[in-house]
Amino acid sequence: MANRWKNTLTERDITPEAAYLDRRRFIGAGIGLGLMGLAGTARSETLEPNPWEDITQYNNFYEFGTGKDDPARNAHTLTTDPWTVRIDGLVDKPGEYAFEDIMNAMTVEERIYRFRCVEAWSMVIPWNGFELADLLAMAGVQSGAKYVAFETLYRPEEMPGQRFPVLKWPYVEGLRLDEAMHPLTIMATGIYGKDIPNQNGAPLRLVVPWKYGFKSIKSVVRITLTDTQPPTAWNTALGSEYGFYSNVNPQVDHPRWSQASERVIGGGLFARKQPTLMFNGYEEEVASLYAGMDLRENY
Amino acid sequence: MLAAKLNGWMRHIPVWAVWLVALLPVPALLYLAATGGLGREPIEALEHELGEIALKLLILGLCITPLRRFFGINLLRFRRALGLLAFTYVALHLLVWLVLDVQILSQIWADILKRPYITIGMAGFVLMIPLAVTSNNLSVRKLGPRWVKLHRLTYAAVLLAGVHFVMVRKGFQFEPLIYLAVIGLLIGLRFLPKQSRRVSKAVP
Ligand code: HEM
């Protein structure tokens with residue numbers, strides 16, 4: 001059941017990459033003229049996707065190092081073929097699903113989403129992917145299932161960051177079943193119509209656009225349906241700062257910084273901050289999932 | 001022998017040369033930040049680079065006394081420059097935070113009061129102000145022994161800076177902890193009984 005959700009960001013469609021490059025050059029030339037601010041606001045208003053370079057060279061993927069440029073530099077070592085995803089737990093058809101078989105069964109579509117990191121920066125990313133609900137339907141979700149647990153590949157030989165105890169490896173994440181089944185929730189396999197680069201979580205990663213970026217777990221090898229809330233990597237590491245829900249919420253600050261505003265990557269040295277939107281701008285679509293819940297308590 | 005040679009050699013290095021070399025990163029970083037050389041997010045990168053240089057200069061400053069005490073290497077002439085250079089970099093680090101990073105005036109105070117890592121960084125900076133202001137011959141003469149006492153604030157300031165660095169990073173990371181350990185060690189050396197100094201003097 002693809003296309004259950006329509007992009008609201010498509011009115012202006014994606015600008016072809018070549019046009020972006022030209023635009024970047026123009027922006028670069030404009031630095032001395034003080035045009036940066038203007039160009040920055042123009043982009044946030046029309047929600048044009050960030051250029052390929054922003055999306056693929058500024059990443060948090062601690063499996064490849066803690067610096068923002070470490071993943072782009074180190075992730076080439078990752079082998080993504082062959083790749084299988086183990087789907088197990090409360091499903092009718094548990095097993096190892098080969099990546100190709102998944103791709104053959106799924107309908108890949110484009111989703112232009114805002115992406116908001118917990119560190120108060122953001123991008124707009126034109127993902128290609130399929131709805132997680134379709135993948136879960138393929139495995140057959142049993143009636144007792146309440147949560148979905150995800151796991152990233154653990155392969156220290158290829159993921160040098162895993163040799164350091166920055167987090168408890170492998171990286172794990174989780175969603176409530178209704179969050180996982182929501183049509184906005186996708187498994188992304190591409191960006192700008194190309195295969196997703198290793199540093200962005202090849203060959204397939206979760207994207208939950210109304211939650212902080214760390215919920216969107218990368219390079220997924222295991223999906224488990226459970227009846228109890230699964231542990232999540234950042235919550236395990238520092239529960240007082242990173243909750244299970246981690247919905248984007250400008251009214252609930254991170255203990256160490258404000259979440260009221262964000263900096264759009266790519267704006268250069270004089271980029272203005274922009275206000276952060278409730279549920280990252282997807283309030284209309286997802287607020288009902290949390291009706292009656294105290295979002296300050298369930299951060 | 002080696003120390004004496006080194007001391008003789010160091011005497012030929014003018015203090016202004018230390019200033020010059022240590023300030024070179026400022027125009028270099030600004031140029032890189034403006035031209036995309038610091039990656040996709042230059043504000044944070046600039047903030048990090050300036051903070052890291054400041055911390056390194058502070059640690060170098062802490063090395064001067066132990067180098068003389070335990071190895072007979074005398075770099076005392078450069079200590080004031082190192083301290084003032086560190087202060088310069090912290091001030092630039094703070095400036096980038098104020099002007100490029102936070103931007104929103106009302107949020108500056110809120111952040112200083114509410115965010116412990118900012119509070120601690122700010123405390124470190126504030127402690128450095130009297131140190132920078134009194135880093136001149138006139139103050140040394142006027143304050144006399146009180147100058148030495150006042151400048152013990154350095155230890156607190158550098159410790160705060162080290163703790164600030166640990167708190168900035170997410171997860172369990174080695175790099176800031178190594179910095180903090182080095183700072184702890186260098187300060188700890190100050191509390192070793194003076195006896196060892198006499199021993200090293202007795203064997204020239
Ligand atoms: C006492 C002197 C200070 C020193 C030596 C220092 C040093 C550092 C270092 C080494 C870093 C981390 C760089 C990295 O991650 O590679 C850092 C980050 C940072 N510092 Fe300082 N700092 C000082 C004072 C301050 C003050 C006064 C403020 C602001 C009021 C401040 C605000 C920040 C911020 C906002 C970050 C980066 C947080 C982020 O975006 O990741 N620091 N500092």
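## Basis of the description

Residues are numbered from 1 along each chain as its sequence is written, and chains are lettered from A in the order in which they are written. In this predicted model, local features need pLDDT of at least 70 and side-chain atom pairs count only at pLDDT 80 or more, while totals for chains, interfaces and linings use all residues; side-chain values use heavy atoms, with hydrogens and water left out.

## Chain B as a whole

Chain B has 12 helices and 0 strands. Helices (H or I, at least four residues) and strands (E, at least two) are DSSP runs, numbered from the N terminus. Along its principal axes, the C-alpha trace of chain B spans about 60 × 40 × 35 Å.

## The interface with chain A

The contact (heavy atoms within 4.5 Å) takes 26 residues from chain B and 32 residues from chain A. About 2500 Å² is buried between the two chains, and carbon and sulfur atoms give 51% of this area. Buried area is the accessible area (1.4 Å probe) that two parts lose on being put together, summed over both. Of the area that chain B buries against chain A, 32% is supplied by B:Arg40, B:Arg115 and B:Lys170, more than by any other three residues.

Between chain B and chain A the count is 6 salt bridges, a salt bridge being a side-chain nitrogen of Lys or Arg within 4 Å of a carboxyl oxygen of Asp or Glu. B:Lys114 forms a salt bridge with A:Asp253, with the closest N and O atoms 3.6 Å apart. The elements that give two or more residues to the side of chain B that touches chain A are α3 (25-35), α4 (42-71), α5 (79-102), α6 (105-114), α7 (116-133) and α10 (153-168) of chain B. The most comes from α4(B), with 4 residues.

## The helix α4(B)

This helix has 30 residues. From its first C-alpha to its last, α4(B) reaches 41 Å, close to the 44 Å expected at 1.5 Å a residue; the expected span is 1.5 Å times one less than the number of residues. At B:Cys63, α4(B) bends by about 30°, and a proline, B:Pro66, follows within four residues. The bend at a residue is the angle between axes fitted to the seven residues ending there and the seven starting there.

At the start of α4(B), a side-chain oxygen of B:Glu41 reaches to within 3.2 Å of the backbone nitrogen of B:Ile43. After α4(B) comes B:Gly72, whose phi is positive, near 70°.

Conventions. Polar contact = N/O pair within 3.5 Å; in protein donor to acceptor, adjacent residues only side chain to side chain.
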